[in-house]
Amino acid sequence: MPGSLEGRYIRLEIISGKNIKVPSLRIPAGIHVSVNLDSSRRWKSTIGVLSSDESITWRDSVTLSSDASPTLSVEIRASFELDCMLGNGEVVGKLDKSWDELLDHGNEPFDISFPSVHSSLTLKATVLHDCDYQDSALPDSIVECQIAQDTDAGHERFATYVTSKTVSHLNDAVKHFQLVLDQCPVGHLHRAAALTNLAWARLKGYIRNDFQDIDSITSLFREALALRPQGHPDHPLSIYNLTEALTWRYSKENFAVVYIQECAQLSCKLLPLCPEGTYLHSIAAGANGVDYVIRECNKLPKDASDEGIHLRRVVLELCPLGSAHRPKALDKLAQAVEARFDQRGTIDDLAESVQHGREAVSLCPKGHSERDTYLNNLAYSLRSRFDHQGNSDDLNEAISLYEEALRLCPVGHKSRDFSLNNLGLALWTRFKQRGDVNDIIRSISLQREALTLCPPGNPYRDYMLNNLALGLETRYEKLDASEDLDEAINLYRDSLQLRPHGHPLRYSTLNNLSSALRSRFTQTRKNEDIEEAIRLCQESLEALPSLHPKRYFSYMWLQEAYLSRFRVQRESADLSLANASTRRSIGLLQRESHSHASALEAYKIFFELLDRHLSTRSSIVARREAASAFRRARTLPVDAASCAIRLDKLRDTIELDLESTNANLAHQFSELSKRLSDAQGSAGSADRAAADRAAIQHRRLQQQWGAVTCKRQRVMAQSSSSMRVNICAAPSLSRPQESPTTEIRLASFMRPEETRKELQVLLRTVWDEIMLPIVIVLQRDLRVTSGSRIWLCPTATFTSIPLHAAHPFRTKADGRRELCLEDMMKKRVTPSFVAIGQSSPGAGQGEALLTVDSELELVRKLVPATANSTTLSGDDATRAGALDALQRNTWVHLACHGKQDREQPYYSCFAMKDKPLTLLDIMEKDIPHAEFAFLSACHTAVGDEKTPDEVIHLAAGLQFSGFKSVIGTLWVVDDAVAKHVVEAFYKKMVKGLEDGDMMDCTKAAWALNRATNAVKTKVPLEQRMVFIHIGV
């Protein structure tokens, strides 16, 4: 050593390291540098975390005396603990350096290399003056305990085993680590480290088939993890260690699903704990870490259980945006939740499937190898949703996606047959919905090509045969082409041969073939066809277990076959056999047998389920379309009411005002109602993905709203003196399905002073056969006192009959007039008031109404000052202006053209200056202050012919929107004479009011009744009875 260094101190700075590789291949918690001066003194740097590029930065330093030793030993060591290190760690590299070599670089940083391991360190050595080392770190004396020595020995033997593959070295390592564990009982500071070291050595032996006991290895890792809970510095590495053991166990034990599932869940916890750029993160997220877990999970079969879907969600969480695995993870989750929908019927599962499918497609641009698969899967989900909700937008989008998928599967593509089949079936479905012949023609063309791609021996040939036959049979039904039916029968026979006894779908092909043969029998009258059809249905029943739900369809096809033979051969035995099949199919539940109390309960359950089903729709129009789809259920309201009458269940409970009982519940109800209204508007977005998200949000709000509503319904009180009457059956009425159109039209051509004899005869019939029996029941059986208020709630065709105007038009023997309904009961079918009128509607909305402005002025004069009356007319009476006025006022008078749209009742409208104000516009708005509305317009209370029980008309729409009391019209209003009724009505409404009094909407029914009586000499009968009151 140069004389100038004697007695001097040198500061050695450890700056960084590169290419740090651990010989045992274990993942280190960190790396440190050890500087040994002699056998008794050693200095250790801080433990640094290794970066993903196997580099590390310390910037740590130590002050050394040049007199201690002519050389010093520099070691790179791997530590497997960050918290409290057990031993000195595993040696990565070791190098001896003299002082001259260290100081030969002046005060500049320099690199030293470790040749055997190719690692390097960047150091800096500086000679200190006397005052520079006062606060510097100094080496510590070496004092090794036994467990530290055994641990270091174990690391050394284990590293040797990994590089040499000599089992004796592994056995030595295990012995050393076991000795350490034996000296670290439960509660010992180093027990977790001792467990991990032993487990790692044994795991490496298991991987190389030198050890077999994987159960004990996994248990060691689990115990170590339990000792390092969340927040512990070594918690992430302990998770990784257990994940590694489970991954190897999965790969070596026949791919047992439970292990890869746990790996996925552990990885989901691990990744957020590993900072980006660290070595642990690069390994955990790499090809043998999370990537491997994701790939293996994606190979697992579809599992619709809650546990299976949870796993799919975990895997998706492991695939953030930008991950190459995300599209497949989305697709797998979409398929799983759709399968759960098939099992449980929860519509949110199907919506979620569509949502994930959309994202999967969006992440696979054109040219992506799996885009066709994701397109097909999304289309399948949309078609399934169409099957359950009937939204044609879903079916159209599915067809568009199938089209694109087919373009991605040109001739020769392995999936072309499936793509052809999918598109063909979707077009067949749309043909069944719309009847466009082009759809069924193209569907058959696609199915023919699909069949050619599935030659004999192909496992899917039976499906292709069946689907092509189905298309041909459907086209026969539309175009009556006998050659289509003959070909369909031959294809069904071929499909049946490929579905022998015991095949799960044999029953379906038997039924299909039977149906086709029955159709041909109807055309050709060949007896052998109908005999075979009957035999096939019977075989179908034999192929199904006694309680199988599909037996219903077999019985129904059998019934159709017997009926077809009866129609041709007129044998009464066939009719009996058909009836027997019907009874078996519906379990003897005939409509006429609804005499048991459980039948009424069944109706209640049905309506509750129907309500839940409709509430999943996020718009008014969608709910109506869904309701209309229940064609066979349209008579159920009438059937239920008839059942209740037979069971003598006539009284209805009356819900009292919630607000008076529970203010908090009322607030919840109000808030949720507002949010539901807002969500309903969002669901109409043109963006299909956005509309789906809005629909899901709407359903969730609907569930919350339903929960609050259930609480609300429990807040009940005794019945009030009011009565609601459901008009559902009138078996003796001579013309129950005819409206009084003819009589009204004839009356409209008569002079006011002429007697409307035909119309009076009709109203007398309505009185005698409908209303009088009701009055008798109310007074005699239910003992409802005279003067009570009743609601008439007609259903079906009775919605178009003027029940409120029923009258005997007779006198008694003593000369007194016979009493009518208005003499016995009060029929009941404000801070701000606005009168809205439009005498000159926009183009195409009707002719000018000459008396509207004078009617508005008349109403303004009659309404008391306390009503804060305003008028909206002329150019101000626009669609937006009218909507705003409806939302701002409690009382509304509308004088304008009204139009009932019988095809689309929600588009029935009031004519405004710019464009129509539709029923849908009104129903979608929140109208918080609504009380009363007078609709002085034509056709405002005429129901929908397709769904008369729903009573969808303008007056009902306003009531739906919150107006408690509404006056509407049943047919055309003569505005020249109608204003007489309007004037008389408002005079009755304000009669008796003193200064400061408010008008009361509950008087509307009485006021209308009095008004129509008061104008008998001015207004003809058909124009008096045109006005009808609904509500309170």
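Which residues does leucine 121 touch, not counting residues up to four places away in sequence?

## Surroundings of leucine 121

Leucine 121 touches Ser16, Gly17, Val33, Trp58, Val74, Ile76, Phe110, Asp111, Ile112 and Phe114, where a contact means heavy atoms within 4.5 Å.

## Model and confidence

This is a predicted model, in which local features need pLDDT of at least 70, side-chain atom pairs count only at pLDDT 80 or more, and totals for chains, interfaces and linings use all residues. Residues are numbered from 1 along each chain as its sequence is written, and side-chain values use heavy atoms, with hydrogens and water left out.

The average pLDDT of the protein is 81, and 77% of the residues score at least 70; pLDDT is the predictor's confidence in each residue, from 0 to 100. Over residues 588–594 the pLDDT stays under 50, and the model has nine contacts for them beyond four places in sequence. Residues 651–663 also have a pLDDT below 50, with 20 contacts beyond near neighbours in sequence.

## Nonpolar cores

A nonpolar core is a set of buried Ala, Val, Leu, Ile, Met, Phe, Trp, Tyr and Cys residues joined through side-chain atoms within 4.5 Å; buried means under 20% relative accessible area, with a 1.4 Å probe and protein chains only. The largest core has 157 residues, of which Leu121 and Leu203 touch the most other members. Helix α4 (residues 191–207) supplies the largest share of this core, ten residues; helices are DSSP runs (H or I, at least four residues) numbered from the N terminus.

A second, separate core of 33 residues includes Val859, Trp891, Val977 and Tyr986.

Key. Buried < 20%, exposed > 50% of the residue type's maximum accessible area, 1.4 Å probe, protein only. Helix = DSSP H or I, 4+ residues; strand = E, 2+ residues; numbered from the N terminus.
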